[in-house]
Amino acid sequence: NTHEGKNALFKLAKALRRQGFLNIQVISRARVPIIKFSDPSSIDVDICFDQTSGLSSSAFVKSAIAEWPALKPLVMVLKYFLRLRGLNEPFTGGIGSYALVLMVLSFLQMCDVYKRPSSPDAPDTNDLGQLLFEFFQLYGHKFNYITTGVCVRAGGSYFPKARRGWFDSDCPARLSIEDPQNPDNDVGKSSYKMLEVQMAFAAASDVIARAKPKATQSLLQIVFGSGHNLIAEHREKRNIVPVEIDTGDETEVSEHR
């Protein structure tokens with residue numbers, strides 16, 4: 001969070017713009033300042049300086065994906081679900097990728113209907129649609145965000161937020177998620193729009209529950225709409241949104257098409 005580190009982000013942003021990268025944003029006032037941009041193939045990239053926690057977090061996520069085969073597809077669908085609603089970025093109050101991975105992992109650990117494969121090579125026989133519905137049910141209707149926090153260590157558990165000093169009277173419904181790499185770190189502390197996230201999950205759960213008896217559409221069609229092309233819509237939206245770069249002294253706004 002040093003002044004030198006922030007200046008380095010702005011210098012990198014200018015260099016990336018010269019190279020033709022798109023949607024460049026310097027988030028200089030975040031807890032961990034980052035630069036966000038898209039490469040020419042539409043892959044989103046985040047860069048920060050002087051942070052080593054990302055390496056251990058990445059290794060943890062890879063290990064969890066290998067151990068829990070349903071984790072990756074559920075996270076991918078949920079990331080799109082949140083992205084379409086503008087709830088996928090922590091710096092705007094949404095849920096970041098790491099927090100979402102921990103939410104899904106906790107769900108799988110505590111879920112009665114999930115049958116964990118007996119070995120890494122064994123086929124995963126779980127119904128991903130049913131798991132997605134159960135996830136929406138849990139975090140949309142059942143989970144008590146005000147009193148309860150999430151832990152994925154030692155097989156998974158819940159804990160009272162107040163006991164850890166993580167209850168925030170200014171934002172009582174914020175989800176607390178213990179970082180398995182650093183138990184003193186609350187991964188969910190930036191997600192101040194958790195009520196909006198909960199309502200989105202609850203609405204998706206209700207839509208699926210009402211549509212289930214018909215069984216004429218796939219679950220993704222029910223959640224996202226028939227014929228909905230998530231990737232195409234995301235790229236179209238991204239290509240017409242004005243991009244703001246906070247340069248410290250002045251703000252530059254450009255539009256990429």
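Strand β2 is mostly covered, since 5 of its 5 residues are buried, where buried means under 20% relative accessible area, exposed means over 50% and partly exposed lies in between, with a 1.4 Å probe and protein chains only. The model is predicted, and local features need pLDDT of at least 70, side-chain atom pairs count only at pLDDT 80 or more, and totals for chains, interfaces and linings use all residues. Residues are numbered from 1 along each chain as its sequence is written, and side-chain values use heavy atoms, with hydrogens and water left out.

**The chain as a whole**

- The chain holds 9 helices and 9 strands, which are DSSP runs numbered from the N terminus, with helices being H or I of at least four residues and strands being E of at least two.
- Of the 257 residues in the chain, 43% are buried.
- Among contacts between residues at least 6 apart in sequence, 56% join residues at least 24 apart, a contact being heavy atoms within 4.5 Å.

**The sheet around β2**

- An open sheet of 3 strands has the order β1-β2-β3 with antiparallel pairing, and two strands pair if DSSP finds at least two bridges between them.
- Because β1 (22–27) and β3 (44–47) stand at the edges with a single partner strand each, one side of each is left without a neighbour in the sheet.
- From one strand to the next, the twist averages 15°.
- Antiparallel β1 and β2 are joined by 4 bridges, and Ile-27 has Ile-34 as its bridge partner in β2.
- Strand β2 (residues 34–38) is also joined to β3 by 4 bridges, again running antiparallel, and Lys-36 stands opposite Asp-46 in β3.
- The hairpin formed by β2 and β3 has 5 residues between the strands, and Ser-42 in the turn has a positive phi of about 75°.
- In a regular strand the side chains alternate between the two faces of the sheet.
- In β2, Ile-34, Lys-36 and Ser-38 point one way while Ile-35 and Phe-37 point the other way, and all are buried.

**Helix α4 and its contacts**

- Two packed helices are described by the angle between their axes and the distance between the axes.
- The axes of α4 (residues 97–110) and α5 (residues 128–142) come within 11 Å and cross at roughly 105°, with axes taken as lines fitted to C-alpha atoms, for helices over the stretch in contact, and angles running from 0 to 180 degrees between N-to-C directions.
- The axes of α2 (residues 53–67) and α4 come within 11 Å and cross at roughly 35°.
- The contact of α2 with α4 is made by Ser-57, Phe-60, Val-61 and Ala-64 of α2 and by Tyr-98, Val-101, Leu-102 and Leu-105 of α4.

- Asn-88 is found in the loop between α3 (71–83) and α4, and its 17% relative accessibility is why Asn-88 counts as buried.
- Leaving aside residues up to four places away in sequence, Asn-88 touches Leu-82, Arg-83, Gly-94, Ile-95 and Gly-96.
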